[in-house]
Amino acid sequence: MAGILAWFWNERFWLPHNVTWADLKNTDEATFPQAEDLYLACPLAFCIFIIRLVFERFVARPCAMGLKIQANGPQKAQPNAILEKVFTAITKHPDEKRLEGLSKQLDWDVRTIQRWFRQRRNQEKPSTLARFCESMWRFTFYLYIFTYGVRFLKKTPWLWNTKECWYNYPYQPLTVDIHYYYILELSFYLSLLFSQFTDIRRKDFLIMFLHHVATISLITFSYVNNMARVGTLVMCLHDAADVLIEAAKMANYAKCQILCNLLFAMFAILFISSRLGLYPVWILNTTLFESWEIVGPYPSWWIFNLLLILLQLLHSFWSYLIVKTACRAISKGKVSKDDRSDIESSSDEDDSPPPIQKHHSSATNGTNKNHATNGYLTGAPYTDEH
């Protein structure tokens, strides 16, 4: 174990040439980031999760009720033993062949069965009330941490001159403000990483998971090798747009469409300008070029910049989704949903319940299960495409 730890904490990987861990030990004159400081983020992440539950129950929920957001979820699918067994035992997304077979056995048209499966999938999704509470929690945290970051950074020299991130590096003292900022951000993203498995599952689940992992890795990397100054710039830049998107979602859930459209437009402009403009010109420029000129590259420097570039690729992907949503909104005259929507919809079908058929009643009420499900309880394994 000692050998593994020695290999992992190799100074030539983490630190610039001729710098050792002993050089960055805390003294009476200066305090530097220590890797063990990050252990505090684990219990704090649990505390943040508990605070979130309390906030959603006693703050967000009453606000939602005041806005007359109902607790009821999507429309429930008409009870049907045959389709329910296919849904739970085989697939939630039947293919064309299976749909045609079910159509013949139930004497329902294919579109009606497709609508049933869509309603049944939506039935497992959280209500609008739950989605509003989740967005209000994120909005509140992002607003707080962004406000804190701006108030802190406007007093720092590296906000106005990014080369200050690298002068006298890595012998840059750790201030209380930076320590608090880092630990709180890391704790929050740890809580998001784990709560993602219990939150509303969206289409970009894997992308968001990758984003959280990359963010946590960046925070950890930049803290351990004392790239904290540029790290604070990255965190503050990202929190700005997150405030607006959560506000837009809340307005959408509250059916304030004009406000939702306005907030989404502001979010789109800020996101694209900051993530595709300011981020590469301001952040990547200093981490790739100014740091190379002042400090020079070393192994963890490469890893850190690769993670930042990965983040830029994610920015490009989300910018594509935002532009796509904006184009659809312009054509329809409103922002109906984004491409991460957790509730399925269909523009060419209404959501009325499937009609009760007069024929094959024994199959419909489930009394002839063996005959009705024959050939439909085997097939492709269950996959979740959301």
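These are my notebook entries on a predicted model, taken one topic at a time.

**Overall make-up**

I started with the secondary structure. The chain has 14 helices and zero strands. I then looked up burial for the chain, which has 386 residues, and buried ones make up 48% of them. For contacts between residues at least 6 apart in sequence, I noted that 82% join residues at least 24 apart.

**α8 against α10**

How do α8 and α10 pack? I took helix α8 as residues 176-195 and helix α10 as residues 228-253, and found an angle of about 50 degrees with the axes 11 Å apart. Angles under 35 degrees would count as roughly parallel and 65 to 115 as roughly perpendicular, so α8 and α10 are oblique to each other. I put the crossing of α8 and α10 down as left-handed.

Next I wrote out who makes the contact. From α8 I have Ile 178, Tyr 181, Tyr 182, Glu 185 and Tyr 189. The α10 side brings Ala 228, Gly 231, Thr 232, Met 235, Cys 236, Asp 239 and Asp 242. Sorted by type, the residues of this contact between α8 and α10 come to seven nonpolar, two polar and three charged. The spacing in both lists made me jot down a reminder: an α-helix has 3.6 residues a turn, so residues three or four places apart point the same way.

**Aromatic pairs**

I went on to the rings, and the count is 28 aromatic pairs. I looked at Trp 116 and Phe 117 and got ring centres 5.2 Å apart with planes at 80 degrees; over 60 counts as edge-to-face, so that is what this pair is. Trp 116 is buried at a relative accessible area of 1%, and Phe 117 is buried too, at 1%.

Then I turned to Tyr 182, which I already had from the α8 contact with α10. Tyr 182 pairs with Tyr 223, 5.5 Å centre to centre and with 45 degrees between the planes, so I logged the pair as tilted.

**Ile 294**

Buried or exposed, or partly exposed: what is Ile 294? I have Ile 294 as partly exposed, with a relative accessible area of 31%. Ile 294 is found in helix α11, residues 257-294. Setting aside neighbours within four places in sequence, I see Ile 294 in contact with Lys 163, Trp 166 and Tyr 167. I also checked Tyr 169, which is 125 residues from Ile 294 in sequence but 8.8 Å away in space, C-alpha to C-alpha.

**α5 and what follows**

My last stop was helix α5, residues 96-106. The buried residues I noted there are Arg 98, Leu 99, Gly 101, Leu 102, Ser 103, Gln 105 and Leu 106. After α5 comes Asp 107, and I wrote down that its phi is positive, near 60 degrees.

Note on methods
Residues numbered from 1 in each chain as written. Predicted model: local features only at pLDDT ≥ 70, side-chain atom pairs only at ≥ 80, totals over all residues. Heavy atoms only, no water. Axes fitted to C-alpha atoms, helices over the stretch in contact; angles between N-to-C directions. Helix = DSSP H or I, 4+ residues; strand = E, 2+ residues; numbered from the N terminus. Parallel < 35°, antiparallel > 145°, perpendicular 65-115°, else oblique. Left-handed = near helix turned anticlockwise from the far one by under 90°. Contact = heavy atoms within 4.5 Å. Nonpolar A, V, L, I, M, F, W, Y, C, P; charged D, E, K, R; others polar. Phe/Tyr/Trp six-rings, centres within 6.5 Å; stacked < 30°, edge-to-face > 60°. Buried < 20%, exposed > 50% of the residue type's maximum accessible area, 1.4 Å probe, protein only.
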